[in-house]
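Please keep the sequence and the model in view while reading.

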Amino acid sequence: MDIPGEMGADAAAVQAVAALEDRSRRELYRFVRASAQPVTREQAAAAIGISRKLAAFHLDKLVNAGLLVAAYDRAARTQALGRAPKAYRPADVQVSVSIPERQPAALAELLIDAVLTARQEEGPRDAVLRVAEEHGRRLGDQARAAARPGRLGAERALTLAEGTLRSRGYEPLRVSPTCVRMRNCPFEPLAHQATDLVCGMNHRLMTGLVNGLQANGVRAVLAPRPGACCVELTR
């Protein structure tokens with residue numbers, strides 16, 4: 001299981017939300033989502049009382065934003081034109097935007113993975129921490145494979161870790177050449193309900209990341225600060 005949160009996902013979510021700013025576009029989107037069958041431009045235009053041309057413009061904008069999918073419906077071939085009309089259906093996506101970034105789904109996936117892979121000798125907390133470190137190591141392995149950096153010094157390792165953690169919503173800040181702090185915890189506000197567990201997960205995830213990077217000169221340390229993630233990376 002990969003932890004969600006790629007950089008491109010943020011831009012796509014913002015684009016999708018922006019596409020729904022227009023009132024007619026919102027009404028069209030609701031109509032298409034409520035329909036049991038793909039909707040043609042003519043049907044959409046009639047449903048909200050606008051011209052076919054304007055409906056086509058807005059529907060294609062929703063396609064470009066990733067909210068709808070368009071295809072030619074050969075079963076609804078028009079008698080007048082003799083060709084299949086374009087029909088629209090909802091895309092299989094879920095859109096959410098949060099500032100700063102929150103990833104409750106990522107936390108839920110880690111917890112589910114821990115339940116499903118729990119070993120007989122493990123307690124629940126131990127299983128969660130193990131899974132978090134395994135995921136962090138996998139992220140580090142992927143970052144190292146992509147960069148092929150060879151032997152890593154502390155500063156280069158911190159730079160690679162920054163990029164990975166930024167794409168996961170941690171908002172890393174390089175406060176010195178040898179220290180990276182996380183300005184955001186993507187697991188808020190759940191961290192307030194189980195602070196020790198969530199901070200432990202973050203710590204183990206970043207420990208795994210450092211190990212996956214094979215960055216022997218860097219370590220993840222607990223350094224709690226109000227309004228920020230409780231972990232920082234340091235030489």
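Predicted model: local features only at pLDDT ≥ 70, side-chain atom pairs only at ≥ 80, totals over all residues.

Residues are numbered from 1 along each chain as its sequence is written, and side-chain values use heavy atoms, without hydrogens and water.

**Overall composition**

- The protein contains nine helices and seven strands, which are DSSP runs numbered from the N terminus (helices: H or I, at least four residues; strands: E, at least two).
- Of the 235 residues, 42% are buried, meaning under 20% relative accessible area with a 1.4 Å probe, protein chains only.
- Among contacts (heavy atoms within 4.5 Å) with a separation of 6 or more, 56% join residues 24 or more positions apart.

**Nonpolar cores**

- A nonpolar core is a set of buried Ala, Val, Leu, Ile, Met, Phe, Trp, Tyr and Cys residues joined through side-chain atoms within 4.5 Å.
- The largest such core has 39 residues, and Y170, M182, F187, M206, L213, V218 and L233 have the most contacts inside it.
- At least two residues of this core come from each of α5 (104–117), α6 (124–147), α7 (154–166), β5 (179–182), α9 (195–213) and β7 (231–234).
- The largest share of this core, eight residues, is supplied by α9.
- Another core, of 17 residues, lies apart from it and includes A16, Y29, A55 and L62.

**Helix α9 and its end**

- Buried residues in α9 include V198, C199, M201, L205, M206, L209, V210 and L213.
- Leaving aside residues up to four places away in sequence, L213 touches G140, A143, R144, L152, A157, L160 and A161.

**The four-stranded sheet**

- Four strands form an open sheet in the order β4-β5-β7-β6, with antiparallel pairing; strands pair if DSSP finds at least two bridges between them.
- The edge strands, β4 (172–176) and β6 (219–222), each pair on one side only.
- β6 and β7 run antiparallel and are joined by four bridges; E232 in β7 is the bridge partner of V221.
- Helix α7 lies across β4, β5 and β7 and runs at about 155° to β4, where angles run from 0 to 180 degrees between N-to-C directions of axes fitted to C-alpha atoms, for helices over the stretch in contact.

Notes: Buried < 20%, exposed > 50% of the residue type's maximum accessible area, 1.4 Å probe, protein only.
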